[in-house]
Amino acid sequence: MSLSDSSPPLADTSTDDARVSVVVPSYNHARFVERALRSIFAQTLQPAELFVIDDGSTDSSPRIIERVLRDCPFPCELRVRANRGLCATLNEGLALGSRGEFFAYLGSDDLWLPDFLSARIQMLDARPRAVLGYGHAYIIDGEDRVVDATSDWATYADGDARAMLRSTIAPMSPTVLYRREALGRHGWRESARLEDYDLYLRLAAEGEFAFDPRVLAAWRRHEENASRNQRMMLEEHLAAQQRVLPAQGISAGELARLQTRIKFNRAEDFLRIGEKREALRLMRRNLGGATSMRTLGRMLLRLLVPYRLVRWRAQRRAAERYGEQQIRSLKSEG
(Lines give C-alpha, C1' and ligand atoms only; values in the text may rest on other atoms or scores of the structure.)
Protein backbone atom coordinates (compact mmCIF):
# COMPACT_ATOMS: atom_id res chain seq x y z
CA MET A 1 0.00 0.00 0.00
CA SER A 2 1.39 3.43 -0.86
CA LEU A 3 0.15 6.86 -0.04
CA SER A 4 -0.77 7.40 -3.67
CA ASP A 5 -3.35 4.61 -3.42
CA SER A 6 -5.66 6.99 -1.59
CA SER A 7 -4.45 10.48 -2.50
CA PRO A 8 -2.78 12.32 -5.41
CA PRO A 9 0.94 11.57 -5.75
CA LEU A 10 3.23 14.04 -4.06
CA ALA A 11 5.45 16.23 -6.20
CA ASP A 12 9.17 15.51 -6.16
CA THR A 13 10.47 18.35 -4.04
CA SER A 14 13.92 16.90 -3.42
CA THR A 15 16.98 19.06 -4.08
CA ASP A 16 20.60 18.43 -4.89
CA ASP A 17 21.30 18.69 -1.16
CA ALA A 18 18.84 15.91 -0.28
CA ARG A 19 21.23 12.99 0.04
CA VAL A 20 19.56 10.80 2.65
CA SER A 21 17.08 7.97 2.28
CA VAL A 22 15.04 7.59 5.48
CA VAL A 23 13.03 4.57 6.61
CA VAL A 24 10.57 4.37 9.48
CA PRO A 25 9.83 0.75 10.53
CA SER A 26 6.41 0.92 12.17
CA TYR A 27 4.89 -1.61 14.53
CA ASN A 28 2.07 -0.91 16.99
CA HIS A 29 3.17 2.61 17.93
CA ALA A 30 -0.07 4.43 17.18
CA ARG A 31 0.49 6.61 20.24
CA PHE A 32 3.91 7.82 19.09
CA VAL A 33 4.26 7.50 15.32
CA GLU A 34 2.94 10.95 14.42
CA ARG A 35 5.58 12.58 16.63
CA ALA A 36 8.29 10.49 14.98
CA LEU A 37 7.19 11.42 11.46
CA ARG A 38 6.82 15.11 12.20
CA SER A 39 10.33 15.18 13.65
CA ILE A 40 11.51 14.00 10.20
CA PHE A 41 9.42 16.62 8.40
CA ALA A 42 11.02 19.30 10.62
CA GLN A 43 14.60 18.52 9.59
CA THR A 44 16.60 21.57 8.51
CA LEU A 45 18.04 19.40 5.73
CA GLN A 46 15.25 17.37 4.18
CA PRO A 47 15.70 13.75 3.10
CA ALA A 48 15.59 12.71 -0.54
CA GLU A 49 12.84 10.22 0.27
CA LEU A 50 10.95 8.63 3.14
CA PHE A 51 9.63 5.09 3.28
CA VAL A 52 7.35 4.04 6.12
CA ILE A 53 6.93 0.27 6.32
CA ASP A 54 4.23 -0.94 8.66
CA ASP A 55 5.22 -4.42 9.80
CA GLY A 56 1.78 -5.87 10.49
CA SER A 57 0.55 -3.45 13.17
CA THR A 58 -2.66 -4.48 14.89
CA ASP A 59 -3.44 -0.98 16.14
CA SER A 60 -4.39 2.17 14.23
CA SER A 61 -0.82 2.96 13.11
CA PRO A 62 -1.43 2.62 9.33
CA ARG A 63 -4.38 5.04 9.38
CA ILE A 64 -2.43 7.58 11.41
CA ILE A 65 0.62 7.30 9.17
CA GLU A 66 -1.44 7.74 6.01
CA ARG A 67 -3.03 10.89 7.41
CA VAL A 68 0.26 12.38 8.61
CA LEU A 69 2.12 11.66 5.36
CA ARG A 70 -0.26 13.99 3.54
CA ASP A 71 1.78 16.77 5.17
CA CYS A 72 5.15 15.36 4.11
CA PRO A 73 7.18 18.03 2.25
CA PHE A 74 9.29 15.53 0.28
CA PRO A 75 8.64 12.25 -1.61
CA CYS A 76 7.24 9.56 0.67
CA GLU A 77 5.57 6.17 0.56
CA LEU A 78 3.69 3.98 3.02
CA ARG A 79 3.83 0.20 2.70
CA VAL A 80 1.59 -1.98 4.85
CA ARG A 81 2.13 -5.75 4.95
CA ALA A 82 2.15 -8.77 7.24
CA ASN A 83 4.65 -8.98 10.06
CA ARG A 84 8.16 -10.07 9.08
CA GLY A 85 10.25 -8.63 11.90
CA LEU A 86 12.37 -5.54 12.32
CA CYS A 87 15.54 -6.71 10.57
CA ALA A 88 13.61 -7.85 7.50
CA THR A 89 11.81 -4.51 7.48
CA LEU A 90 15.08 -2.60 7.60
CA ASN A 91 16.56 -4.66 4.76
CA GLU A 92 13.43 -3.97 2.71
CA GLY A 93 13.82 -0.26 3.41
CA LEU A 94 17.49 -0.34 2.46
CA ALA A 95 16.59 -1.93 -0.88
CA LEU A 96 13.93 0.72 -1.50
CA GLY A 97 16.08 3.69 -0.52
CA SER A 98 18.17 4.02 -3.66
CA ARG A 99 18.31 7.80 -4.00
CA GLY A 100 20.40 8.65 -0.99
CA GLU A 101 24.16 8.61 -0.52
CA PHE A 102 23.33 8.11 3.15
CA PHE A 103 20.74 6.00 4.95
CA ALA A 104 19.03 6.43 8.30
CA TYR A 105 16.11 4.82 10.05
CA LEU A 106 14.00 6.16 12.87
CA GLY A 107 11.90 3.90 15.07
CA SER A 108 8.22 4.79 15.04
CA ASP A 109 8.42 5.74 18.72
CA ASP A 110 11.66 7.78 18.59
CA LEU A 111 12.50 11.37 17.60
CA TRP A 112 15.07 13.45 15.75
CA LEU A 113 15.89 17.02 16.69
CA PRO A 114 15.80 19.41 13.71
CA ASP A 115 19.55 19.53 12.95
CA PHE A 116 20.09 15.77 13.12
CA LEU A 117 20.47 15.06 9.39
CA SER A 118 22.35 18.25 8.62
CA ALA A 119 24.90 17.67 11.39
CA ARG A 120 25.44 14.01 10.55
CA ILE A 121 25.98 14.67 6.84
CA GLN A 122 28.40 17.48 7.59
CA MET A 123 30.37 15.15 9.86
CA LEU A 124 30.49 12.26 7.39
CA ASP A 125 31.50 14.57 4.55
CA ALA A 126 34.53 15.50 6.66
CA ARG A 127 35.25 11.85 7.59
CA PRO A 128 35.49 9.81 4.35
CA ARG A 129 36.81 6.74 6.21
CA ALA A 130 33.75 6.61 8.48
CA VAL A 131 31.06 4.03 7.73
CA LEU A 132 28.58 5.76 10.03
CA GLY A 133 28.10 8.80 12.22
CA TYR A 134 26.44 8.73 15.64
CA GLY A 135 26.11 10.68 18.86
CA HIS A 136 24.34 11.06 22.16
CA ALA A 137 20.61 10.71 22.76
CA TYR A 138 18.02 11.84 25.23
CA ILE A 139 16.02 9.04 26.85
CA ILE A 140 12.34 10.03 26.99
CA ASP A 141 9.31 8.38 28.54
CA GLY A 142 5.85 7.84 27.10
CA GLU A 143 4.86 11.41 27.97
CA ASP A 144 7.90 12.96 26.22
CA ARG A 145 9.63 13.70 29.51
CA VAL A 146 13.41 13.52 29.39
CA VAL A 147 14.43 10.97 32.01
CA ASP A 148 18.07 10.38 31.06
CA ALA A 149 20.73 11.14 28.46
CA THR A 150 23.57 8.97 27.20
CA SER A 151 25.86 12.01 27.57
CA ASP A 152 25.73 11.42 31.34
CA TRP A 153 27.12 7.89 31.30
CA ALA A 154 28.05 6.46 27.88
CA THR A 155 31.77 6.26 27.06
CA TYR A 156 31.50 6.36 23.29
CA ALA A 157 34.46 6.04 20.93
CA ASP A 158 35.41 8.12 17.92
CA GLY A 159 37.26 6.34 15.13
CA ASP A 160 38.04 2.68 15.80
CA ALA A 161 34.95 1.39 17.65
CA ARG A 162 35.91 -2.27 17.91
CA ALA A 163 37.03 -2.19 21.55
CA MET A 164 33.95 -0.23 22.56
CA LEU A 165 31.60 -2.67 20.85
CA ARG A 166 33.31 -5.69 22.34
CA SER A 167 32.32 -4.38 25.76
CA THR A 168 28.74 -4.16 24.31
CA ILE A 169 28.58 -0.36 24.44
CA ALA A 170 26.92 0.59 21.17
CA PRO A 171 25.29 3.59 19.46
CA MET A 172 21.59 4.20 20.09
CA SER A 173 19.81 3.54 16.79
CA PRO A 174 18.08 6.95 16.39
CA THR A 175 21.48 8.69 16.56
CA VAL A 176 22.99 6.85 13.58
CA LEU A 177 23.44 7.92 9.96
CA TYR A 178 24.97 5.24 7.73
CA ARG A 179 27.07 5.62 4.61
CA ARG A 180 24.89 3.65 2.25
CA GLU A 181 27.72 2.04 0.26
CA ALA A 182 29.18 0.42 3.38
CA LEU A 183 25.78 -0.53 4.79
CA GLY A 184 24.80 -2.15 1.49
CA ARG A 185 27.67 -4.62 1.80
CA HIS A 186 26.30 -5.92 5.09
CA GLY A 187 22.66 -5.24 5.88
CA TRP A 188 20.82 -6.58 8.89
CA ARG A 189 20.96 -10.23 9.93
CA GLU A 190 17.30 -11.23 9.84
CA SER A 191 17.66 -13.98 12.42
CA ALA A 192 18.92 -11.46 15.02
CA ARG A 193 16.49 -10.26 17.69
CA LEU A 194 18.66 -7.26 18.56
CA GLU A 195 18.86 -5.58 15.21
CA ASP A 196 21.93 -3.34 15.30
CA TYR A 197 24.67 -4.92 17.41
CA ASP A 198 25.63 -7.67 14.97
CA LEU A 199 25.73 -5.08 12.17
CA TYR A 200 27.87 -2.69 14.21
CA LEU A 201 30.45 -5.44 14.85
CA ARG A 202 30.75 -6.10 11.13
CA LEU A 203 30.86 -2.44 10.12
CA ALA A 204 33.48 -1.55 12.74
CA ALA A 205 35.90 -3.98 11.09
CA GLU A 206 35.50 -2.07 7.82
CA GLY A 207 35.77 1.57 8.86
CA GLU A 208 35.54 4.26 11.49
CA PHE A 209 32.57 5.33 13.58
CA ALA A 210 32.44 9.14 13.58
CA PHE A 211 31.18 10.45 16.93
CA ASP A 212 29.40 13.76 17.55
CA PRO A 213 29.00 14.57 21.28
CA ARG A 214 25.89 16.69 20.76
CA VAL A 215 22.42 15.36 21.64
CA LEU A 216 20.42 15.37 18.40
CA ALA A 217 17.97 12.48 18.86
CA ALA A 218 15.70 10.93 21.45
CA TRP A 219 15.10 7.26 22.19
CA ARG A 220 11.83 6.42 23.86
CA ARG A 221 11.72 4.11 26.86
CA HIS A 222 8.39 2.36 27.46
CA GLU A 223 7.03 -1.05 28.35
CA GLU A 224 7.11 -2.43 24.81
CA ASN A 225 10.83 -1.74 24.22
CA ALA A 226 12.77 -4.87 23.35
CA SER A 227 15.76 -3.36 25.14
CA ARG A 228 13.94 -3.63 28.47
CA ASN A 229 14.38 -7.41 28.17
CA GLN A 230 17.87 -7.60 29.64
CA ARG A 231 18.14 -11.37 29.30
CA MET A 232 17.43 -11.25 25.59
CA MET A 233 19.87 -8.38 25.10
CA LEU A 234 22.65 -10.23 26.89
CA GLU A 235 22.00 -13.43 24.93
CA GLU A 236 22.00 -11.52 21.62
CA HIS A 237 25.18 -9.62 22.44
CA LEU A 238 27.01 -12.84 23.26
CA ALA A 239 25.63 -14.69 20.24
CA ALA A 240 26.61 -11.87 17.87
CA GLN A 241 30.15 -11.89 19.25
CA GLN A 242 30.38 -15.64 18.79
CA ARG A 243 29.25 -15.29 15.16
CA VAL A 244 31.38 -12.33 14.16
CA LEU A 245 34.52 -12.00 16.27
CA PRO A 246 36.28 -15.30 15.40
CA ALA A 247 36.32 -14.20 11.76
CA GLN A 248 38.03 -10.99 12.91
CA GLY A 249 40.94 -12.85 14.54
CA ILE A 250 39.67 -13.20 18.12
CA SER A 251 40.79 -16.53 19.58
CA ALA A 252 38.46 -18.83 21.52
CA GLY A 253 40.30 -18.04 24.76
CA GLU A 254 40.11 -14.28 24.21
CA LEU A 255 36.43 -14.51 23.42
CA ALA A 256 35.72 -16.56 26.55
CA ARG A 257 37.54 -14.03 28.77
CA LEU A 258 35.75 -11.14 27.08
CA GLN A 259 32.35 -12.71 27.60
CA THR A 260 33.05 -13.54 31.24
CA ARG A 261 33.80 -9.86 31.83
CA ILE A 262 30.67 -8.82 29.94
CA LYS A 263 28.41 -11.13 31.94
CA PHE A 264 29.83 -9.87 35.23
CA ASN A 265 29.40 -6.23 34.23
CA ARG A 266 25.87 -6.81 32.95
CA ALA A 267 24.79 -7.79 36.45
CA GLU A 268 24.61 -4.04 37.07
CA ASP A 269 21.95 -3.69 34.35
CA PHE A 270 19.81 -6.30 36.11
CA LEU A 271 20.25 -4.46 39.39
CA ARG A 272 19.07 -1.27 37.70
CA ILE A 273 15.72 -2.88 36.87
CA GLY A 274 15.36 -4.67 40.22
CA GLU A 275 16.22 -8.23 39.12
CA LYS A 276 18.60 -8.97 41.98
CA ARG A 277 18.43 -12.76 41.71
CA GLU A 278 19.65 -12.70 38.10
CA ALA A 279 22.28 -10.10 38.98
CA LEU A 280 23.62 -12.28 41.79
CA ARG A 281 23.67 -15.35 39.53
CA LEU A 282 25.73 -13.52 36.90
CA MET A 283 28.16 -12.20 39.49
CA ARG A 284 28.72 -15.57 41.18
CA ARG A 285 29.27 -17.44 37.90
CA ASN A 286 31.54 -14.79 36.38
CA LEU A 287 33.69 -13.52 39.25
CA GLY A 288 36.72 -13.73 36.97
CA GLY A 289 35.22 -10.85 35.02
CA ALA A 290 35.59 -8.37 37.89
CA THR A 291 38.34 -5.93 36.93
CA SER A 292 39.15 -5.02 40.55
CA MET A 293 38.09 -5.61 44.16
CA ARG A 294 36.64 -2.12 44.13
CA THR A 295 34.34 -3.06 41.25
CA LEU A 296 33.26 -6.22 43.06
CA GLY A 297 32.61 -4.30 46.27
CA ARG A 298 30.50 -1.70 44.48
CA MET A 299 28.34 -4.40 42.92
CA LEU A 300 27.87 -6.19 46.25
CA LEU A 301 26.87 -2.92 47.89
CA ARG A 302 24.27 -2.31 45.20
CA LEU A 303 22.77 -5.72 45.94
CA LEU A 304 21.96 -4.47 49.45
CA VAL A 305 20.22 -1.27 48.33
CA PRO A 306 16.39 -1.63 48.09
CA TYR A 307 15.13 -1.31 44.52
CA ARG A 308 12.57 1.32 45.55
CA LEU A 309 15.42 3.52 46.72
CA VAL A 310 17.28 2.99 43.44
CA ARG A 311 14.21 4.06 41.45
CA TRP A 312 13.59 7.06 43.69
CA ARG A 313 17.16 8.22 43.28
CA ALA A 314 16.98 7.81 39.50
CA GLN A 315 13.74 9.79 39.27
CA ARG A 316 15.09 12.55 41.51
CA ARG A 317 18.30 12.74 39.51
CA ALA A 318 16.36 13.02 36.23
CA ALA A 319 14.19 15.82 37.63
CA GLU A 320 17.23 17.70 38.87
CA ARG A 321 19.27 17.30 35.70
CA TYR A 322 16.65 17.83 32.99
CA GLY A 323 13.59 19.46 34.50
CA GLU A 324 10.62 21.00 32.72
CA GLN A 325 12.66 23.47 30.70
CA GLN A 326 14.45 20.70 28.81
CA ILE A 327 11.19 18.84 28.23
CA ARG A 328 9.58 21.96 26.74
CA SER A 329 12.61 22.44 24.48
CA LEU A 330 12.38 18.92 23.14
CA LYS A 331 8.62 19.15 22.55
CA SER A 332 8.99 22.39 20.63
CA GLU A 333 11.40 20.75 18.21
CA GLY A 334 9.24 17.78 17.23
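1. Terms and basis. Buried means a relative accessible area under 20%, exposed means over 50%, and partly exposed lies in between (1.4 Å probe, protein chains only). Helices (H or I, at least four residues) and strands (E, at least two) are DSSP runs numbered from the N terminus. The model is predicted: local features need pLDDT of at least 70, side-chain atom pairs count only at pLDDT 80 or more, and totals for chains, interfaces and linings use all residues. Residues are numbered from 1 along each chain as its sequence is written, and side-chain values use heavy atoms, with hydrogens and water left out.

2. Helix 1. In helix 1 (residues 33-41), the buried residues are Val33, Ala36, Leu37, Ser39, Ile40 and Phe41. An α-helix has 3.6 residues a turn, so residues three or four places apart point the same way. The cover over the buried residues of helix 1 includes strand 1 (20-26), strand 2 (49-55), helix 2 (61-69) and strand 5 (111-112). Contact, here and below, means heavy atoms within 4.5 Å.

3. Nonpolar cores. A nonpolar core is a set of buried Ala, Val, Leu, Ile, Met, Phe, Trp, Tyr and Cys residues joined through side-chain atoms within 4.5 Å. The largest such core has 57 residues, and Leu132, Leu165, Tyr178, Trp188 and Phe209 touch the most other members. Helix 9 (residues 252-272) gives the most to this core, at 7 residues. Apart from this core lies another, of 34 residues, among them Val22, Phe41, Leu69 and Ala210.

4. Surroundings of Trp188. Which residues are in contact with Trp188, leaving aside its neighbours within four places in sequence? They are Cys87, Leu90, Asn91, Leu94, Phe103, Tyr105, Tyr178, Leu183, Glu195, Asp196, Leu199 and Arg202. Trp188 is buried, with a relative accessible area of 4%.

5. Aromatic pairs. Rings of Phe, Tyr and Trp (its six-membered ring) pair if their centres lie within 6.5 Å; planes under 30 degrees apart count as stacked, over 60 as edge-to-face, and the rest as tilted. The whole structure holds 10 aromatic pairs. One of them is edge-to-face, because the rings of Tyr105 and Trp188 have centres 5.9 Å apart and planes at 80 degrees. This pair links distant parts of the chain, 83 residues apart: Tyr105 is in strand 4 (residues 102-105), and Trp188 is in the loop between helix 6 (180-184) and helix 7 (197-204). Tyr105 is buried, with a relative accessible area of 3%.

6. The Tyr134 and Phe211 pair. Centres 5.2 Å apart and planes at 45 degrees make the ring pair of Tyr134 and Phe211 tilted. Tyr134 lies in strand 6 (residues 130-140) and Phe211 in strand 9 (residues 208-220), 77 residues apart. Both count as buried, Tyr134 at 0% relative accessibility and Phe211 at 17%. Ring pairs link Tyr134 and Phe211 with Tyr156, Tyr200 and Phe209 into a cluster.

7. Ala218. Strand 9 also holds Ala218, which is buried with a relative accessible area of 0%. The C-alpha atoms of Ala218 and Ile139 are separated by 5.7 Å, although these residues are 79 residues apart along the chain.

8. Salt bridges. A salt bridge is a side-chain nitrogen of Lys or Arg within 4 Å of a carboxyl oxygen of Asp or Glu. The structure holds 36 of them. One joins the side chains of Arg317 and Asp148 (3.7 Å, N to O). Arg317 lies in helix 12 (residues 307-321) and Asp148 in strand 7 (residues 146-149), so this pair ties together parts 169 residues apart in sequence. Arg317 is partly exposed at 27% relative accessibility, whereas Asp148 is buried at 11%.

9. Two further salt bridges. The side chains of Arg231 and Glu275 meet at 2.9 Å, N to O. Arg231 is in helix 8 (residues 230-244) and Glu275 in the loop between helix 9 and helix 10 (276-285), 44 residues apart. Arg231 is partly exposed at 40%, and Glu275 is partly exposed at 25%. Arg302 and Glu268 form a salt bridge at 3.0 Å, N to O. Arg302 lies in helix 11 (residues 293-304) and Glu268 in helix 9, so the pair ties together parts 34 residues apart in sequence. Arg302 is partly exposed at 22%; Glu268 is buried at 18%.

10. Network. Salt bridges that share partners join Glu34, Arg38, Arg67 and Asp71 into one network.
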